[in-house]
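Here are my notes on the structure you asked about, written as numbered points. Please keep the 3D view open while you read them.

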Amino acid sequence: MKHRAVIAFLLAVVIAVSSCAKKESEDPNDRIAESFKAWMEANYPQAEELPDGQGVYVIKSSAPATSDQTPAEGEWVRVDYTGYLISGDAYATRSEDTAKLLGIYSRFGHYTPQYFQLKSGNYAIPKGEYLALKQMKPGEVWTIFIPPALAAAGTYSTTFPSGFAYRSIYSGAPLIVTATITEIVPDPEVEEQDQVIARAQEWGLNLIGDAIEPYLYCDIVDSIPGSARIGKDSVTYFNYTISFLDGFMFDTNIRDTAVVHNILVDPYDSDGNSTSSKYQPTYYKPSKGGMIDAVYKAMTEKLHYSDSARMVFTSEYAYGSEGYTTGSTAIQPYEPLVFQIRVLPYSGHKYKPYTVSEVLALTSDETDKWVAGFIVGAVEGSDKATDSRFVEPWTTRTNVLIADKNDETDPAKCIAVELTTNIVDNVNLVDNADNNIQRKLTVTGNLTQYLGGRGMKDTKDTYTMY
């Protein structure tokens, strides 16, 4: 049946335009509008034309209004909608269930009402929809029939927000939109400020003491006493997640978290190996403009190395009052966000290993830490101070000495690294002296007393040499 309706409309347009060619004084757009009106009368005789004289028709459902107010010009509204071509195929929707049912679902889509300023010339919606929404009350459900001149032909951007699957709209195609206004927002800035305050209170935060700046709250949920403060131009690495207030997570650099939330973006090469560097701690040297403002301010004004924190903030500190539509998921205007962050320790991790000097300065044992240094010798006995050897021949396979300089010969500036069965064959100097001496070894293990001084024991098989 829907295909017959399409054919009927197209035949009407062809006949209208053809007859127009014979009457040069007649405007083809007028004839197309007449054809759309005739098509409406034939297929939807129960529809009523809006009293603005521009040819938009509506069918009003029995859903009651939740307010007597209609939106004023320039007010912000939230609108749930599903848009259709006259073939009956949906081209876009804000309903997750509808998207799945109609085959246009995207796992990156944040299926919430569209949020925009209702004003003339706003290409976020077709002009015909704008004309109808101006007359609607919240809660009402209208099916809006939009003629070609008020649909995609020069009045509507067909580039939909990222994160939503959609079908293309062709210029000159009429549209059918089922829509409801869920909310009229007189002041979007005040609303998002109230939302941020509510979330901060939900977390039990002090609205003054825990605010870095107005409407930017930071809750430190875990820390290590004595960790250094982060400052401008400090080198940091951190893991993060970022979500909307309703809990929809749209970005993270933690692979397992991305898998759980079904937002993994991970390209592979022809051999099946990951080619993405996304899922590893983010390198950041705090500077204005290098990251969203909320992260910059938290890093430079509150956070310490090793802190885990959660932040909530208004769009002023993120993507602004216009939103952001070019990422995997669209961020709507005036969208508050929740950012969870874990700052890695200053050093001692894979992305910034300890130097030998840093290890020697430690005052307590540490587990599962990374260290980098040049292989300069081995301890040929039980005491680094007296039994270190820096020239061939070597007779022990169970350890090597590493230092910050590749020609170091002072035992006090070296640490001994235990060579467990995981790495002994490839690293020891008895079998690999020519290849390994003065090479830089990066290795992970436990930092503790070993061979008479601070060293590394229980080394793992995750190491590199270059």
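1. Leaving aside its neighbours within four places in sequence, which residues is T143 in contact with? In this predicted model, the contacts of T143 are Y57, V58, I59, I176, V177 and T178. If you want to find T143 in the viewer, look in strand β6.

2. T143 also has a partner worth a click. T178 of β7 stands opposite T143, and the side chains of these two threonines are joined by a polar contact of 3.5 Å.

3. Now for the strand itself. β6 runs over residues 142-146, and five of its five residues are buried, so the strand is largely enclosed by the rest of the structure. The side chains on both faces share in this: W142, I144 and I146 point one way, T143 and F145 point the other way, and all are buried.

4. What does β6 pair with? One partner is strand β2 (residues 57-60), in the antiparallel sense over four bridges; here Y57 has F145 as its bridge partner. Another is strand β7 (residues 175-185), again antiparallel, over five bridges.

5. I144 deserves a look of its own. Not counting residues up to four places away in sequence, I144 touches V56, Y57, V58, G128, E129, A132, L175, I176, V177 and A179. Residues of β2 and β7 are among these, including Y57 and L175.

6. I144 also belongs to the largest nonpolar core, which has 28 residues; V79, L133 and I144 touch the most other members. At least two residues of this core come from each of β3 (76-85), β4 (90-93), α4 (127-133), β6 and β7. The largest share, five residues, is supplied by β7. As background, nonpolar side chains in soluble globular proteins tend to be buried together.

7. The structure holds zero disulfides. Are C218 and C414 buried or exposed? C218 counts as buried because its relative accessibility is 0%, and C414 counts as buried because its relative accessibility is also 0%; the cut-off for buried is under 20%.

Key
Residues are numbered from 1 along each chain as its sequence is written. This is a predicted model: local features need pLDDT of at least 70, side-chain atom pairs count only at pLDDT 80 or more; totals for chains, interfaces and linings use all residues. Side-chain values use heavy atoms; hydrogens and water are left out. Buried means under 20% relative accessible area, exposed over 50%, partly exposed in between (1.4 Å probe, protein chains only). Two strands pair if DSSP finds at least two bridges between them. A nonpolar core is a set of buried Ala, Val, Leu, Ile, Met, Phe, Trp, Tyr and Cys residues joined through side-chain atoms within 4.5 Å. Contact means heavy atoms within 4.5 Å. A polar contact is a pair of N or O atoms within 3.5 Å; within protein, one must be able to donate a hydrogen and the other to accept it, and residues adjacent in sequence count only if both atoms are side-chain atoms. A disulfide is a pair of cysteine sulfur atoms within 2.5 Å.
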